[in-house]
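Open the model in your viewer and keep the selection panel at hand. The stops below go one selection at a time.

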Amino acid sequence: MVEIQKIFMAKDGSAVFVCPSCGREKVFDARPFLDKNPRFDARCSCGAITPALLEFRKSFRKKVRLLGVCIVERTGQEYPIEVRDVSFEGVGFAMADKTVVPDIVVGDVVEVRFRLDNRAKSLVERRGEIRTLRGNFVGVELFPVAYDKELGGYLLGTSSHF
Ligand SMILES: [Zn+2]
């Protein structure tokens, strides 16, 4: 079995594939892969074909200030929040009202809704699980979905507002 090569995409959308059999490096534009399956076979000029997986999720965490709400499924409570960072896999936020002590525990399933600050003011609605609680700051790991186009375009800077 040939091992799958993980390829990480840089912020500008480029990625580097290094052929495991000859060591040649190939820089390519990874953005066209975003809407497709990130699994593909990389063909090198030496003739080697290597199964590859494009990893663009972990590398993007964007600092933001976006208003939204967090709904806790266990209690039905809805809290106004200020989202501070977003990535493909998670959202970090603080209570919009700092005096509010939310009834949230690690492991709670929540729905987070917030609007992006792109021109379309796209609404992001995702479910996830509380993973960290640090004072006023809450970290949520988002449940995976098929590629999130709104968030993806936003994080990768391919949104129309740029
Ligand atoms: Zn090669």
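Which residue is the bridge partner of valine 110 in β10? Select glycine 128: that is the partner. This is a predicted model, where local features need pLDDT of at least 70, side-chain atom pairs count only at pLDDT 80 or more, and totals for chains, interfaces and linings use all residues. Numbering starts from 1 along each chain as its sequence is written.

Next, select strand β9, residues 109–115. Strands here are DSSP runs (E, at least two residues), and helices are runs of H or I of at least four, both numbered from the N terminus. Val110, Val112 and Phe114 make up the covered face of β9. Val109, Glu111, Arg113 and Arg115 form the uncovered one. In a regular strand, side chains alternate between the two faces of the sheet.

Two strands pair if DSSP finds at least two bridges between them. Strand β10 (residues 123–134) runs antiparallel to β9, with seven bridges. Strand β6 (residues 61–72) is also antiparallel to β9, joined by five bridges. There, valine 72 stands opposite valine 110.

Move to β8 (residues 90–95) and β11 (residues 137–142). Five bridges link this antiparallel pair. Glycine 92 has glycine 139 in β11 as its bridge partner.

Finally, colour by pLDDT, the predictor's confidence in each residue, from 0 to 100. The protein averages 85, and 88% of the residues score at least 70.

Definitions and conventions. Buried ≥ 20, exposed ≤ 12 C-beta atoms within 10 Å, placed from the backbone.
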